[in-house]
Amino acid sequence: MKSKKKTAKKAPKLSPKKKPAAVAPKISSLEAALTLDVKTEGLEPVFGAAYLMMDKAFVQLSGDRAGKITVILRPKDPKATTPKALAEEFLSDLASQKVRWAISRNNQPVREFIAEQAVLIANGTIPPPSAAEAAPEPAAEELTAEQRAEIEKLISEVESEIKTMNEKKSVPDPKGIKASWEEKQEQENKA
Amino acid sequence: MSRLTGLAKDVSVETGNLSAFNFRDMGGWHLLTNDWGQFLMMSTADFERFMAGKVGADDPLYPELESRGFLKARLDFRQLAANTVKKSSFQWFPGPSLHMIVVTLRCNQKCQYCHSSVVDPSRTDTDMDVATAKKTVDFIFSTPNPTICIEFQGGEPLLNWPVVKFITEYAQAKAKAGNRKLLMALVCNFTLMTEDKLDFLFDHHVSICTSLDGPAELHNKNRPFLGGGEAQQKVVYWLEKIQERCNADPKKKYYLPGALMTTTRFSMDYGPQIVDLYVKLGLEQVFLRPLSPIGYAKRVWKDVGYEPGEFVRFYEDTLDYIIDLNVSGKSDIMERMALILLSKIVKGEDPGFMDLRSPAGAVLGCLAYNYNGKIFVSDEGRMVDHQGDPIFNVGDVAKDGWTSVIDHPTTRACVTASTLDNQPMCQQCAFKPYCGVEPVFHYETQKSVFGQMPTSGWCVSHMGVFDVIFRKLRDPRSRKVLDKWLERDQCRWQESGNVPAGEPEVVR
């Protein structure tokens, strides 16, 4: 398989100090309206934050998706929340949405590559990593004397267990009850 | 803050070095998960250091972040890909493994919340006939999954016993001829069970599952007989009888009956009593299942239903009671939903539970066959049809083949809608690697197979249950109990050689 080299754009550091302030919300007794610059806030974060408000608010988006978008928030239950609280919550969610979307965008090539690898492992094109590759054991020199003794004890226990199992295997089994599915298939095919 | 949760106000974030992950503020600590099924629970202070890019190679957090795929510069691609394969094992087998056959719509009970859209016992016109049964089995064996699990559903399947027997024997003959692995299960209310039927079921290795909502006063209120009478006593009688026979014969040990409970508004005050009854009856697990507003339950929702948050509180309180019983040594009973989620979260395996998959089990994992041979994306889809809306009908065993079912526009819509990466809120949720959405549920409750997660009862209750499970995982006392459950569950499957991980969860 050819592996494509994909590089993500260097992502900016998002810090509250550097974050451009959104246009101050216009609050009335019925609703809150926020006008946002799409270039600054990003289209997906604005949509994302608006979507998340839907359990509490009726949300209306209007404007130009390449320029400025106005978000109007009206409480679904005016007794449970206020337009001002909705506007604050929207801005807070918008800040988190920007981080979530930045992480998602930056890692898209990696996620796609790993998904491709998973398909190749699943269909047998490439082997899965061996246990040794997956979790390298610490080198023997790094083990303390106590740890080495413990491991040796475990090994001897397992060896003794295997020995007992092998001895049990020699017990007659005329009906083939202990045979695996593959062994049975083989026997049936031969018959 | 939305239910998804977010960052605290003054957190500084260095996104360039962060690997792909979702996060959740759990109140004092944060949960991080990634697409590859790995998770980390860390203090909020550590989370904020990590987000700010301040965790260096000498930091105690570093090895765990690295080994679990949270450090962008230290990703082990092949290992993470292998984790993905294991976690989504259901994706690598073609075609559905679970086939639910409704052999009759008739039922002798009139459950308050009936999901199954049943009819009166006199309506024999809703019985599956043998010709349709044969075509149904032929269709099932034309689907490509090497493992087939046939589950008898109803109505009350024992009201059409000859067809249950026919399907069992015919399917077993076909499985033998075609070298297919076949599992069979019967979901019934036990009220029509007899020794002869039981003999047949044991002889043919059909596992048995029933409904037991709790103590008599609760069960009989939720699940009364048509025309009155006490149903719970019959269930308890047969549960004990079957257990006795299973326990007397080591070969039958793995066919111990299972029981399921459905939570109604009436159940809310009975958590400990329900568990105590299951313990008394020697049942290994209790499955605390929420009620879905589908089928008849939708009509009576105001009487038997509840808010999703109420279910989550009931779930947590009852799970706490079960954990206490385990800690005190009074019982080792397990809770099934917790076990399903723990298999996904801790073991990184798919336990074969159709509802919590991405994409959902609809068609890709399961199919439901009505008494008349019509094929549906799921049993819930069949119930919607019974209410007069055939939207989830994807074929007919008399005239359609597997290719037309998998290519059906409804199949495509359900798969697209239930792929969590297509769901705006789910794709950012920390529970995404372990969760799923159900297109039929959302069609019924929100008139869209996609649904709208911020207002979805499905999302509220599942998110709540995930919160509970992760809180238990962080609590050492509960964690010890949960780890034991996982160990026992693994041993059970290994010993029985019956249903390994990744195969269908027949107990629904």
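Visitor: Hi! Which loop is B:His205 found in?

Guide: Hello! In this predicted model, B:His205 sits in the loop of chain B between helix H6 (195-203) and strand E8 (206-211). Its phi is positive, about 55°, although the residue is not a glycine.

Visitor: You mentioned H17. How do H14 and H17 of chain B cross?

Guide: The axes of helix H14 (residues 379-386) and helix H17 (residues 439-446) of chain B come within 8 Å and cross at roughly 35°. From H14(B), the contact uses B:Glu380, B:Gly381 and B:Val384. H17(B) brings B:Val440, B:Phe441, B:Tyr443 and B:Glu444. By type, the residues of this contact are four nonpolar, one polar and two charged.

Visitor: Switching topic: which peptide bonds in chain B are cis?

Guide: One is the bond from B:Gly154 to B:Gly155, with omega near 15°. B:Gly155 is in the loop between strand E6 (147-153) and helix H5 (161-178) of chain B. Another is the bond from B:Ser358 to B:Pro359, with omega near -5°. B:Pro359 belongs to the loop between helix H13 (336-345) and strand E13 (366-369) of chain B.

Visitor: Now the two chains together. How many residues does each give to the contact?

Guide: Chain A gives 34 residues and chain B gives 34 residues. On the chain A side, strand E1 (13-14), helix H2 (43-52) and helix H3 (83-122) each give two or more residues. H3(A) gives the most, with 20 residues. The chain A side divides into 19 nonpolar, eight polar and seven charged residues.

Visitor: How far does H3(A) span, end to end?

Guide: H3(A) spans only 51 Å between its end C-alpha atoms, while a straight helix of 40 residues would span 58 Å. There is a kink of about 55° at A:Asn107, shortly before the proline A:Pro109. After H3(A) comes A:Gly124, with a positive phi near 85°.

Visitor: And which residues is B:Trp36 in contact with, leaving aside its sequence neighbours?

Guide: B:Trp36 is in contact with A:Ile114 from chain A, and with B:Gly69, B:Leu80, B:Asn83 and B:Thr84 from chain B. B:Trp36 itself lies in the loop between strand E3 (29-33) and strand E4 (39-43) of chain B.

Visitor: Why is B:Trp36 classed the way it is?

Guide: B:Trp36 has 29 other C-beta atoms within 10 Å, so it is buried. The C-alpha atoms of B:Trp36 and B:Lys86 are 9.4 Å from each other, although these residues are 50 residues apart along the chain.

Visitor: Last one: how is chain B divided into domains?

Guide: Chain B has domain 1 (15-87) and domain 2 (89-370 + 476-496). Their C-alpha centres lie 37 Å apart. Each of these domains gives six residues to the contact between them. On the domain 1 side, helix H3 (residues 77-87) of chain B supplies the largest share, four residues.

Methods. Residues numbered from 1 in each chain as written. Chains lettered and ligands numbered in written order. Predicted model: local features only at pLDDT ≥ 70, side-chain atom pairs only at ≥ 80, totals over all residues. Contact = placed C-beta atoms within 7 Å. Nonpolar A, V, L, I, M, F, W, Y, C, P; charged D, E, K, R; others polar. Axes fitted to C-alpha atoms, helices over the stretch in contact; angles between N-to-C directions. Domains from an automatic or database assignment. Expected span 1.5 Å × (residues − 1). Bend = angle between axes of the 7 residues up to and from the residue. Buried ≥ 20, exposed ≤ 12 C-beta atoms within 10 Å, placed from the backbone. Lists of a residue's contacts leave out its neighbours within four places in sequence.
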